[in-house]
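Work through the exercises below with the sequence and the model open. Each task is followed by a solution in steps.

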Amino acid sequence: MSVRVLAAGTPVPSFSLAREDGGTFTDEDLRGRTTVLVFYPFAFSPVCTDQLNLYEEVLDEIRAHGADIYGVSCDSTWAQRAFRAQLGVSIEQLSDFEPKGATCRAFGVLHEGGFPQRALVIVGPDGVVRWSYQAPSPGDLPGANLIFDGLDAAAAAWAPAMGGL
């Protein structure tokens, strides 16, 4: 099964993810701010651990670009909470546990094994995908440089959409 992440210019589909506090995070929460969604396969796996630690190291720079960042996996909120606490990272985790993989499927990143492919999706304040990247395999870690390349591309795409403002 070949999966393909949503391309730039695609409106974000309607979705609902669980927050650690029991609340929900939906497509409406993306409005008004640039957002980086980090889809990753499994909490506590070595590459996912390295990925979130790396992104935490550059979190201030990501925020300086005017963006929020969230991790998304099909793990339960309890597993994500424990994972985040063990790593000591502040990046909020969003769970696609129930119905399992529904949001990942909508974003085109659900692997046939029932877990997300490793992917980055940058959504503009208007709820439209401005940039996306899918790693060649779940074992490949997308470097932080890709996030900054994506944020630059998103900013360039957003300016014309706003009439050059």
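**Before starting**

This is a predicted model, in which local features need pLDDT of at least 70 and side-chain atom pairs count only at pLDDT 80 or more, while totals for chains, interfaces and linings use all residues. Residues are numbered from 1 along each chain as its sequence is written, and side-chain values use heavy atoms, with hydrogens and water left out.

**Exercise 1. Find the order of the strands in the open sheet, and name the strands at its edges.**

Step 1. Strands (E, at least two residues) and helices (H or I, at least four residues) are DSSP runs, numbered from the N terminus. Two strands pair if DSSP finds at least two bridges between them.

Step 2. The open sheet has seven strands in the order E2-E1-E5-E4-E3-E6-E7, and its pairing is mixed.

Step 3. E2 (24–26) and E7 stand at the edges with a single partner strand each, so one side of each has no neighbour in the sheet.

Step 4. On average, neighbouring strands of this sheet are turned by 30° against each other, direction ignored; for such angles, axes are lines fitted to C-alpha atoms, for helices over the stretch in contact, and angles run from 0 to 180 degrees between N-to-C directions.

**Exercise 2. Is strand E6 buried or exposed?**

Step 1. Buried means under 20% relative accessible area, exposed over 50%, and partly exposed in between (1.4 Å probe, protein chains only).

Step 2. In a regular strand the side chains alternate between the two faces of the sheet.

Step 3. Ala119, Val121 and Val123 point one way from E6, Leu120 and Ile122 point the other way, and all are buried.

Step 4. Five of the five residues of E6 (residues 119–123) are buried, so the strand is largely enclosed by the rest of the structure.

Step 5. E6 also pairs with E7 (residues 129–134), antiparallel, over five bridges, and Ile122 stands opposite Trp131 there. Five residues lie between the strands of this hairpin, where Gly127 takes a positive phi near 80°.

**Exercise 3. Describe the surroundings of Arg19.**

Step 1. Arg19 belongs to strand E1 (residues 16–19).

Step 2. Its relative accessible area is 18%, so Arg19 is buried.

Step 3. Contact means heavy atoms within 4.5 Å. Leaving aside neighbours within four places in sequence, Arg19 is in contact with residues including Asp29, Thr77 and Glu92.
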